[in-house]
Every structure is written in C-alpha cells, then in structure tokens.
Amino acid sequence: MTASAILRPWRRMSVILVAVAMVAGLPLAAQPASATSKGRSTISGKVSTAAPDKRAHDGVTVVAYRRTAVNRWVRQKSVRTTRSGAFTIKRVPAGTYRLLARSNSWNAADRWFGGETVWDGRPSGRTLTAAGGKSFKVKTGKTSKRHHTKLAAAGELRVTFVDDRGLKPVLGTVTYRRRADGNGNGQWRTTPLDDSYRLRTLQPGRHTVKYRGVDGAWRTSVVVVKADAKAPTSLRVPASIRPLAATPSLSVMPSASGADKIAVDRWSRFFNYPNDKLSITYQWYRSGAAIAGATGPEYVSTPADRSHRLSVHVTASRPGYTPVVIKSQSTAVSRSTTTTALTLSKRSARFGETDTIIATAKVTAADGGSVAGEVRFSAGPRDCVEESGCEYLSWIAYADVNASGVATMRLPRRLSVVTQIEASFWPRVSTSGFVSPSTARAAPITVIPRASRTKVSLRPKSVRRGARPKVTVRVTVPGGIAPHQIVGSIVVTANGKKVGAWKASAFPHTNKVKITLKRFSRKGTYKIRARFVAAPGPQTRHQVRSGAKSSTSKPVKLRVR
C-alpha cells in the first residue's frame, strides 16, 4: 500500500470534522484576508469638449465620489486628464461610484459623467448629500473602463462701466447668473465694486444682468454670450462723482523737533473715478479754520498747531460735473518735545553675563505732562544700521513706558559686540494727543572675554618624510559659549616655526577644525603647538568680537621617519 493511500482516509476525516464544527458553531482558525480586498481597483475613461478649442479638455480634473452606507457621496480620489483627455484613477476600493469632470478653462463647464452640466457652481466639500450623473459599480481588483463625458462649451463676458457722458472707467457692481435666461433660474452672483469684470464660464445665450454705479439705482441690461467667445460689453451708469469713503484717514509721522508730518494718501482712490480723471485739491484746517497756503496732500505742523486739531478737505471736480467734497477725521499733533536719558546699572561684564546689566530710559516731556509710548533698546557696532548689512550683529528689544515715563530692559546674556547702547522713545500716536520722539545714547560697555583652552591632537603621530600631516585643533570655553561666538584664527607651529594656519573669522558648527600642515622634508621629532588668536573687534561686517580670549595649546610630538 502506498503512502498516499494510507493518508487518504485521514483527509476524508479532516473534511468531516470541519463540517461538524461548522454545524455545531465551533470557532475555527481565521483564514488570511485576500490581498485584493481594498484599494486595488481602477477607473479609466476620457473627457472631450464641445468647444472649438480642443485644448479645453487638457488638464481637466476628474473626481471620483464613492457612495457610503448612509447614502452619501465621499470624494475618494481625483486625477488630471492628459493632453488627449484620458484619465486613470488607480488604487480605489470597490463600491458604487459617480464621476465629476471639473474644467480648468473659462470656455468649458463642469459636468457629471452621464448627467447634466454644472452651471451654478461646482460641488465643494469632501462629502456630498446628492450627486449628479449615473452610478456604476467597481469590483475588487478589476478595472472599470470606457467612462466618457463631453464638456459643454461656455463663454465669457467682459464688462466695463462707462457713465452716461461716455467717461470711463468708473466703478460699478454687476449681478448675474451663469445660466442663460431660457434654461432655468440659476443663483445670482454679485461682484465686488470695480471698474471692469470678467464673468467667466457662462452658458451661451441671452443673459439679463443687473448693475449700478456707486450709490446709484439698479439698472437692467440684456447681453448675448456666445460659446468659446469673449464678448465685450459696456454698461452705463449715472455721470456723477461719488465718494467712496466719507472720512479719509490721516497718517501722522511724529518728529523729534515737533514738526510732525500729517498726510492723506494721495494714491488712494476716494471717488468712483480714477484720480487722473479728476481734479483733486486739498485744504487743511486748524480747529475748523482754513490754514493759508496749506493746499497739498501733506502738511508739516508748526508750534501754532499745538493744542489744536487738524483736518483736511479733499475736493474732486471735473468740467460739467458737480464737485464733491469729503472731510477727513481730525487729529492732534505732538503737544510737546521730549528728552530721553539712558543709564546703565554697570559698565562691564564677562561674556555670557551681560544679562546682569540693566538699561533704564527716562522720558521727560518739555511741558511737564505725561508721556505714552515705547522705548526701543539696541546694542551693536557703532554706526550699524539696518541698511549696512550688519543688523544681524545687533540686539533690539522694546519696552513700554510706565506712568512715570520710565522703561527698563535687561541686556541679553551673550552680548559680545557692544560699542553703542541706544534708547529711542517712540510715542503712541493717538487722535487725542501725543508727544515727540527722542533718542539717547550711553557710553559703550566693556564685555570681558572668557579664558579659552586650546588643544591640538595628531593622528597618526608618526609620518614618513615628505608627508603632510593633519592636526585637529579644539578650542573650548567654559560658560556655554556657542562655537560661532569663538571668533579668531589659529596658527600651528613646529619647533617654533609656522607650518599651518586657519584664517576663518568664526568657528563653524563645532568648536574644532582640521588643518593640513606643510610637508616635512627632514627626519626628526617635532613639537607641534596651536595658538588661537581671538579677534580684537568688529572691523568688518563679517568679523565680530570673540567671546573667548587667546590661548596656546600644550605641545604634542610628531615623529618624521
């Protein structure tokens, strides 16, 4: 008897046991799930267009929506079509789907596959309660092919506004529908206030638009939109100058001398016509009385303006049009000049301990009144300004002035470049009144560098004659100094003669550097030393004062054989 004949009865017995277990409801070992149970299906098809421009189907976004158990449609995936309009959506789970073609061109509208064209705005959101088009099923691990839709051609309406006398441009607002009048009622869309619009993706046909100028009555016009065409149209509004803002705002720039500059933005548009179509004039007022000669968009205050409020009247005119005057809000000017005094708690500190120095600024108004604003504390190289490229060497901080006119600030901990301490007071400008700015400088403080330790190492310590050995130089400083704050150069000597150097100004991301020495042509034993030379000060924008002092390493022996 063969081995297979012997095992055959046991196979029949195992089948019987499995059947009994299923009938009895006994638990069986779970079988491994199929690898194609989820995300292995594919949807493919093509999108074409009815527009004469065949490129309208190039780059169309096809969105696949999958129906859930609660009869909602969830966006599963989206892809863009190729130049030929073909698309393939890969790795989607099995289920019931609907497809939406979203056009990215003005001359074609969105459309559901097997359904209607979307004129009144494309669906938004990941989950939809209702979806258009026809449903289809996608099986696990299979490809659902030959899905096709044809995008409807759309048109564009270019709207410009012109007044009843033919002057343009002029501001206006238009309300329109994407659907033509004979194809149902679509939702009304209102454009913002502007002098021209591009109303895109409109259904070809006759459209009724409603429009009006600034503060004018609504008017109605019928326009014709053609497929794949940009139709220009002009809509007429009343020929009258209208203000856009009843009260233009003023900007105040305080000056240390008390001669503040008050200005109205001459480039702002205050009326429904552009400024170059109108004649704009200005007249400044002091407490309601016209100031002689003050007829520009800017005004510099004088001592006579103190304790008064200033305003400006802006007049727009044009031949044949009724002039319009708008009045700005009134504002006050600085009531008094100020002086700022700066004191330091001490004049020197070790590097890493400069936060023990406290700067105090005292702001005093010349009229003895209160002051309000903030003080800008700064420390950095002398004559260092933002435009010079050395602003990254500086430190800047701000503090509010208290009721006594005092502001205090603790200096940062690791301040190395300090040749100038400055405190600049800037008032808090308000319409009720303020004071002038002022600046104070204090004598520079002295930052004492910390002691450093230089160590040189050789690997290998024995080389052949004519070789160029390499050394590693490490500079360490107690007190938690960062490598870039160790600034200077390194000189390597052999028996007192220079054999290598490192001339960079600041250490890289680590506090050690590798230096290749000169060739050693003679045999013998050499004493190798490395000396770190700290940078004395910020001579250029790339050289800053070092937080560490100079130091020399102990010698190490190099054998040249």
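Q: At 40% relative accessibility, what does Trp426 count as: buried, exposed or partly exposed?
A: Heads-up: this is a predicted model, where local features need pLDDT of at least 70, side-chain atom pairs need 80 or more, and totals for chains, interfaces and linings use all residues. Residues are numbered from 1 along each chain as its sequence is written, and side-chain values use heavy atoms, leaving out hydrogens and water. Buried means under 20% relative accessible area and exposed means over 50% (1.4 Å probe, protein chains only). At 40%, Trp426 therefore counts as partly exposed.

Q: Which strand is Trp426 found in?
A: Strands are DSSP runs of E, at least two residues, numbered from the N terminus. Trp426 sits in the run covering residues 420-427, strand S32.

Q: How far apart are the closest N and O atoms of Arg286 and Asp305?
A: The two form a salt bridge (a Lys or Arg side-chain nitrogen within 4 Å of an Asp or Glu carboxyl oxygen). Arg286 lies in strand S20 and Asp305 in the loop between S22 and S23, so the pair ties together parts 19 residues apart in sequence. Their closest N and O atoms are separated by 2.5 Å.

Q: Which residue meets Asp400 in a salt bridge?
A: Asp400 is exposed at 52% and lies in strand S30, while its partner is in the loop between S32 and S33, 28 residues apart in sequence. The N to O distance is 3.6 Å, and the partner is Arg428.

Conventions. Helices (H or I, at least four residues) and strands (E, at least two) are DSSP runs, numbered from the N terminus.
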